[in-house]
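Have the coordinates open while you read.

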Amino acid sequence: MKLSEAARLGFMLVKPVPYRQDNGHGGACGIGAALKAVSVPVSHFSVGGGFESFDAAMATWPWLAQPSYEKSICACSSSPLLCFASYLAHLFDFHVFGCGEPCLTLEDWLAYVESVEPPEAAAESNAQQSLAPESVHAA
Ligand SMILES: [Zn+2]
């Protein structure tokens with residue numbers, strides 16, 4: 001499932017909140033909501049304050065590890081340095097919830113994810129087809 005689809009689904013299960021992939025009270029950021037939808041537990045750093053790592057998200061959607069600078073839509077000084085996981089979190093935390101410039105809605109954020117994510121992997125759709133009964137008859 002694509003990240004944007006998972007996030008849409010996830011927000012039917014959890015309330016959108018900034019800064020946390022799982023706040024423990026039914027709230028999650030966009031990436032946390034997407035992980036919830038595909039039943040992947042979020043990864044927490046084992047030491048230190050409440051920051052969460054993107055290991056689980058990157059394992060699920062490997063393109064999140066790619067640099068995002070060519071697709072930046074804000075002028076924040078940190079944005080050229082980020083990978084997509086961090087940048088999506090930044091947009092969610094600072095531009096959806098913090099209302100930084102540009103101020104985004106949750107729908108804007110989801111549309112941005114759709115615009116930058118790769119199409120569903122060909123291997124995955126082939127696997128789904130080979131499981132379909134029609135392809136058995138065709139073969
Ligand atoms: Zn920004």
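What follows covers a helix, its partner and the nonpolar core.

Keep in mind that this is a predicted model. Start with helix α1, residues 3-10: 6 of its 8 residues are buried, so the rest of the structure largely encloses it. The buried ones are Leu 3, Ser 4, Ala 6, Ala 7, Arg 8 and Gly 10. Their cover includes β2 (27-28), α2 (30-37) and α5 (106-116).

How do α1 and α5 sit against each other? Their axes come within 8 Å and cross at roughly 155°. An angle over 145 degrees counts as roughly antiparallel, which means α1 runs roughly antiparallel to α5. Here's who makes that contact:

| Helix | Residues in the contact |
|---|---|
| α1 | Leu 3, Ser 4, Ala 7, Arg 8 |
| α5 | Leu 110, Val 113, Glu 114 |

Sorted by class, the contact of α1 with α5 has 4 nonpolar, 1 polar and 2 charged residues.

Now for the core. The largest nonpolar core has 28 residues, and the ones with the most contacts inside it are Ile 31, Ala 34, Ala 85, Leu 88 and Leu 91. At least two residues of this core come from each of α1, α2, α4 (84-97) and α5. The largest share, 9 residues, belongs to α4.

Which residues does Ala 85 contact, leaving aside neighbours within four places in sequence? They are Ile 31, Phe 54, Ala 57, Met 58, Leu 64 and Ala 65.

Key. Residues are numbered from 1 along each chain as its sequence is written. This is a predicted model: local features need pLDDT of at least 70, side-chain atom pairs count only at pLDDT 80 or more; totals for chains, interfaces and linings use all residues. A residue is buried if 20 or more other C-beta atoms lie within 10 Å of its own, exposed if 12 or fewer, and partly exposed in between; C-beta atoms are placed from the backbone. Helices (H or I, at least four residues) and strands (E, at least two) are DSSP runs, numbered from the N terminus. Two residues are in contact if their C-beta atoms, placed from the backbone, lie within 7 Å. Axes are lines fitted to C-alpha atoms, for helices over the stretch in contact, and angles run from 0 to 180 degrees between N-to-C directions. Angles under 35 degrees count as roughly parallel, over 145 as roughly antiparallel, 65 to 115 as roughly perpendicular and the rest as oblique. Ala, Val, Leu, Ile, Met, Phe, Trp, Tyr, Cys and Pro count as nonpolar, Asp, Glu, Lys and Arg as charged, and the others, Gly among them, as polar. A nonpolar core is a set of buried Ala, Val, Leu, Ile, Met, Phe, Trp, Tyr and Cys residues joined through C-beta atoms within 7 Å.
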